[in-house]
Amino acid sequence: MSQQKNFIDPDIIIVRDDETEIDRLIKNEVIEWFNSFKNLRSANNNQIERNHLNSLLRAPRKELLNVMLNLNLLELNTQERMIVFDLNDSVFTIIYPETYKPTEGEGLLVVSEDQILTKVVHKANRFIQRDHASMGSPSIAISVLLSKIVEFFVTKSYVELTPGIKNITDDIFGKSTEVLDEEENLEDDDDDEDILQTPTPNRVNLKGPKSVFDTIEEDDLEDLIERLQHYSIEKDLEMFKAAWGTAAQEYVEFSLSAKPMLLSELKTLTKNNGKYGLKVELVDENIYVWTIHISDFPSETLLAKGLKEFHEKFNIGDGALILELRFGNYPDEPPHCRVVSPRLEYLTGFVQFDGTIAPDFLTHEHWKSYNFTKMENLIKDIKNILVQHDAKVDLRTFKPYDVKAAISNYIRSQRFNSTVIPTTNKFNEKYFIFSSGFSKRCFDSHLNVKVLEKGNKILLPNDAASKIFNQPNIEFPLIFEIKTRHGQRVYSGVSEFSASAGNVIVPEWMLRSLFLTEGAKIQIRSVSLPHATSLKIQPHSKTFYNINNYKQVLENTLSNYSCVTEGQSIQVYDEDEQVHMIQIVETQPQAAVSVLSDQGYLEVEIDFVPALDLDDDNELTKLQEQEKQKIIDKHEKIKQEVIEAVQIERIIKKENVIELLKKAEDPKEPVALVRFKFPDGGQVNKKFPLSAPCSVLYDYVETIDEPTINWRPLPYTTGEHIELATTFPKIDIPNTSKETLQSSRLGKQFMIVLNETDRFPPEIM
């Protein structure tokens with residue numbers, strides 16, 4: 001192997017007196033990487049592989065050199081633990097902590113004050129946060145990070161180069177920062193209307209041709225592959241943008257190596273494409289969006305039976321399940337896989353509400369450990385997951401899944417995964433997770449399953465309470481992050497610290513939504529979440545609108561929750577204890593929010609997205625009118641029942657009033673002369689014994705039948721809805737039998753005014 005030229009200026013290396021072994025390793029690795037990079041034009045394969053530069057050469061070398069790429073090492077400072085580079089006159093710094101672990105990469109930070117590098121720095125730090133565990137290598141992780149930064153920079157250059165540029169003197173970095181800002185603002189204004197739509201089955205026209213797919217069939221897939229191979233980088237970027245839309249590009253990386261590998265994979269599928277129940281198509285000839293048609297599910301499976309019923313019921317499709325794969329930074333990252341049509345029931349077959357299929361091997365955390373050999377095997381594994389986990393066709397609607405909802409959810413999850421939520425109360429532990437129902441059956445637990453299932457509060461062991469409450473400054477409210485081994489995160493409150501040691505008990509719906517089995521190992525830590533300002537929710541079914549006063553029921557449901565997370569579905573119980581599922585579509589100000597305030601329940605703005613099985617807006621209006629009529633009918637029924645009960649009570653009260661009025665006619669009986677002034681202006685004088693209870697005044701008003709008085713109480717009014725008070729001095733008269741007119745010191749002569757409250761006001765109707 002030829003000797004590499006040394007490009008390092010000794011004056012830029014600053015070391016501390018007590019330089020550690022880690023410092024020396026980092027220093028030597030950076031020097032070796034930098035020299036290898038500078039010798040890139042003549043580097044052999046061993047050098048490239050050793051220094052993680054192979055990703056830079058996945059594109060033709062001449063294309064790399066068409067970008068003005070001038071990288072210089074300005075300072076290698078182990079004293080301050082920082083490495084400073086100049087990249088095309090833009091400075092960035094890599095900072096590593098004293099506790100840095102070279103084989104993991106955790107703790108690294110990339111910073112730059114140059115706006116031109118803003119996106120590059122953002123992607124680099126996201127790479128550290130998301131992939132640090134996979135950065136271990138024969139050399140230390142900083143070399144991987146440096147190669148990634150250069151790759152991001154090269155990709156950014158290709159994205160932003162003016163079309164038609166052919167030499168390095170005209171590249172993007174001759175532009176001013178103001179121009180770049182203007183271009184980025186224009187990109188941000190894109191509403192993603194250009195996201196490529198996957199074709200969906202049309203209704204079959206039985207009288208005409210039975211072409212069920214709204215797509216152009218390729219007579220020869222090999223011809224298409226040949227054309228795609230000759231597309232320019234600019235054309236590849238156009239396809240990538242069409243596949244993902246503008247908003248996704250900050251979180252989905254364009255890879256120079258993706259297209260060649262995908263074309264190679266596609267070519268291997270051409271021989272048997274359309275045979276054996278499997279057909280692969282490109283949407284609009286876009287190499288980054290694949291449509292997979294699978295139709296050979298075993299006949300005895302729920303999925304096969306459901307596909308047949310779906311075809312017979314809606315006369316749509318040809319009995320196949322349509323999947324979609326969207327590729328970004330492939331093969332370093334997994335494709336986004338989702339169901340297109342027909343819809344599958346929630347959580348069956350590892351399918352989420354938006355149609356995303358989420359087995360372990362399609363998560364960022366496990367993709368690199370997945371024994372990936374070829375695309376055909378990946379498709380077979382996805383098919384097996386659907387069958388083994390009892391995927392069921394949702395026969396309520398023929399509507400396909402919405403691509404924009406799926407992509408938006410994916411973007412939000414990527415954005416949230418890059419958000420660092422700090423640990424509070426120094427609590428970060430690992431436990432075995434069990435559902436409430438399983439714990440009740442197997443651990444003889446005394447927990448109230450029904451109460452636990454109506455919220456998102458969990459049971460932690462007693463030692464967790466000790467660890468939290470022994471802290472000098474406890475941060476409330478107590479909110480916990482539950483993280484699974486495949487990286488999924490949800491948030492919860494705590495109900496009790498009564499679980500057995502080493503275990504955590506969660507509502508059964510929560511365990512299912514995490515796609516976990518009983519006894520799985522999870523990580524729990526105490527966190528702080530911002531208060532929710534708004535929520536956007538979507539009922540799983542239009543039956544949700546049949547709940548009497550469903551908005552109030554929803555508010556009552558949320559009062560049992562400490563927090564909510566975007567993408568999760570929660571249970572709503574109606575008055576008959578029937579369960580209705582709703583999806584948390586969006587939360588503000590971030591993807592996980594607290595719905596607690598210092599006083600308890602936090603009032604937030606709630607926006608409803610129509611249920612997926614609503615056929616049109618008129619149906620929603622009709623359902624809302626039906627709900628309103630149900631409320632009116634229920635209101636009227638309750639009112640009539642109250643009237644009947646009140647009228648019976650009034651008979652007894654009337655008899656008591658008549659008896660006391662007769663007693664007051666006895667000359668020897670001390671009496672009080674009371675003048676009643678009614679709301680319509682009418683007045684009447686009555687004598688009551690001073691020994692009579694104050695409540696008799698209320699009974700008299702409630703049962704009044706004086707012919708000279710036109711005013712009458714409402715038929716459902718009782719003393720509880722009447723207020724009586726003297727005029728001067730103003731004294732509120734208690735409605736009680738324990739105090740008499742004499743003991744209340746109202747005097748022997750006084751005037752009373754009254755006020756009646758309508759317990760069934762018209763506005764409720």
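Strands E26 (722–726) and E27 (residues 749–756) run antiparallel and are joined by five bridges (strands, E, are DSSP runs of at least two residues and helices, H or I, of at least four, numbered from the N terminus; two strands pair if DSSP finds at least two bridges between them). Leu724 stands opposite Leu754 in E27. The model is predicted: local features need pLDDT of at least 70 and side-chain atom pairs count only at pLDDT 80 or more, whereas totals for chains, interfaces and linings use all residues. Residues are numbered from 1 along each chain as its sequence is written, and side-chain values use heavy atoms, with hydrogens and water left out.

E26 and E27 belong to an open sheet of four strands with mixed pairing, ordered E25-E24-E27-E26. Strand E25 (683–689) and E26 stand at the edges with a single partner strand each, so one side of each lacks a neighbour in the sheet. Neighbouring strands are turned against each other by 30° on average, direction ignored. Helix H20 (residues 695–702) lies across E24 (671–677), E25, E26 and E27, and runs at about 120° to E26 (axes are lines fitted to C-alpha atoms, for helices over the stretch in contact, with angles from 0 to 180 degrees between N-to-C directions; contact means heavy atoms within 4.5 Å).

Elsewhere, helices H7 (residues 221–229) and H9 (residues 258–269) pack at an angle of about 170° with axes 10 Å apart. H7 and H9 are therefore roughly antiparallel (angles over 145 degrees). The contact involves Leu221, Ile225, Leu228 and Gln229 of H7 and Lys259, Leu263, Leu266 and Lys267 of H9.

Methods: Parallel < 35°, antiparallel > 145°, perpendicular 65-115°, else oblique.
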